Amino acid sequence: MMEFLAMGGYAPYVWGSYLVMAGLLVVEMLQLRYRRRGLMAWIRRMARLRAQEEKQ
Amino acid sequence: MSERGIQWFRFTAPANFYDLAGHLIPWFAALTVALFAVGLYLGLVVAPSDYQQGDSYRIIYIHVPTAWMGMFLYVLMAVYAAIGLIWRIKMADVMAKAIAPTGALFTFLSLWTGALWGRPTWGVYWVWDARLTSMLILLFLYLGYMALHAAIDDRQRASNASAVLAMVGVVNVPIIYFSVQWWNTLHQGASITVTEAPTMATIMFVTLLIMVLAAWMYSVAVVLARARVELLERERNARWVRDRLEGGQT
């Protein structure tokens, strides 16, 4: 296991590549999820307001 | 609302795209996970070390896929931008805009992994080599496209102006591809070409192809998801959006 992590002495380069890539892909997906959630909340809020106005 | 007759709004392009993409995304996501799992296992565990570069060469399994995706996605973005500009198809602009951040991300990652591979191999993180420089320009083209699209308030003008930028920038893609032949600087030539057998061991070649496919599937899933959000944003007052939300469908 230690040998695997050491990557023949190239650990900072190999893991520095793989982990940054994994991290940025996760950030991209999370950012998209937050954007979507915020938008959904806005649309629902507007729908509720519209429904209230129609009642009055 | 419960009585559903002929729902004409269902046949409009944005609503159809929204539904279809929603069905497709889980499949592409599953393929992404499966391919990355196999590719990472093969690349980091199964494939042997390189006799010259030791384990540092393993960066190739993400360096090449990210670089290819950076270029593929740029061409795809420019094609969509052109379709949007010529035929005034709004969905095409949505797709082009949705591709840009993922393309920029992959281009950045190819530069990043290249720097971390260059350091142990060449002794430097960065040189103004033709391949590296043209790749950096690709990143700036993506960022320029995104900035221009965001800077113009009028949607049609933003779409047109950024489409022209995307199309002009396409000239950079063949420059990147041929840079290793035209300028004989530091970056090595292609190990994989369409016309010749790859100059690498079979296990490495297969692993690389799996990682490229994984990056493709990831791109499709994320771009479709971003296009859906983009559509929702643009059409948030449209009837079909309201109907889908009220139906509990997202």
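This is a predicted model: local features need pLDDT of at least 70, side-chain atom pairs count only at pLDDT 80 or more; totals for chains, interfaces and linings use all residues.
View 1. B:E233 forms a salt bridge with A:R35, where the closest N and O atoms are 3.1 Å apart. That pair crosses between chains, from helix α7 of chain B, which holds B:E233, to helix α2 (residues 11-55) of chain A, which holds A:R35; helices (H or I, at least four residues) and strands (E, at least two) are DSSP runs numbered from the N terminus. Across the interface of chain B and chain A the rule finds three salt bridges, and over all chains it finds nine. Side chains of opposite charge can pair when their charged atoms come close.

**View 2. The side of chain B that touches chain A.** The contact, meaning heavy atoms within 4.5 Å, takes 41 residues from chain B and 25 residues from chain A. About 3200 Å² is buried between the two chains, and carbon and sulfur atoms give 72% of this area; buried area is the accessible area (1.4 Å probe) that two parts lose on being put together, summed over both. In chain B, the residues that lose the most area to chain A are B:L44, B:V229 and B:L245, together 18% of what that side buries. Ten residue pairs, both residues at pLDDT 80 or more, are in polar contact between chain B and chain A; a polar contact is a pair of N or O atoms within 3.5 Å, where within protein one must be able to donate a hydrogen and the other to accept it, and residues adjacent in sequence count only if both atoms are side-chain atoms. At least two residues of this side come from each of α1 (13-46), α2 (60-87), α3 (90-122), α7 (202-234) and α8 (239-246) of chain B, and α3(B) gives the most, with eleven residues.

**View 3. Arginines over aromatic faces.** B:R228 lies over the face of B:Y18, at 3.9 Å from the ring centre, and B:R236 lies over the face of A:W42, at 4.8 Å from the ring centre. A charge sits over a ring if NZ of Lys or CZ of Arg is within 6 Å of the ring centre and within 35 degrees of the ring normal.

**View 4. The loop between α1 and α2 of chain B.** B:D50 is placed in this loop, and a polar atom of its side chain lies 2.8 Å from the backbone nitrogen of B:Q53. B:D50 and B:Y61 are eleven residues apart in sequence and 13 Å apart in space, C-alpha to C-alpha. Chain B as a whole has eight helices and zero strands.

**Notes on all views.** Residues are numbered from 1 along each chain as its sequence is written, and chains are lettered from A and ligands numbered from 1 in the order in which they are written. Local features need pLDDT of at least 70 and side-chain atom pairs count only at pLDDT 80 or more, whereas totals for chains, interfaces and linings use all residues; side-chain values use heavy atoms, with hydrogens and water left out.

How values were computed:
A salt bridge is a side-chain nitrogen of Lys or Arg within 4 Å of a carboxyl oxygen of Asp or Glu.
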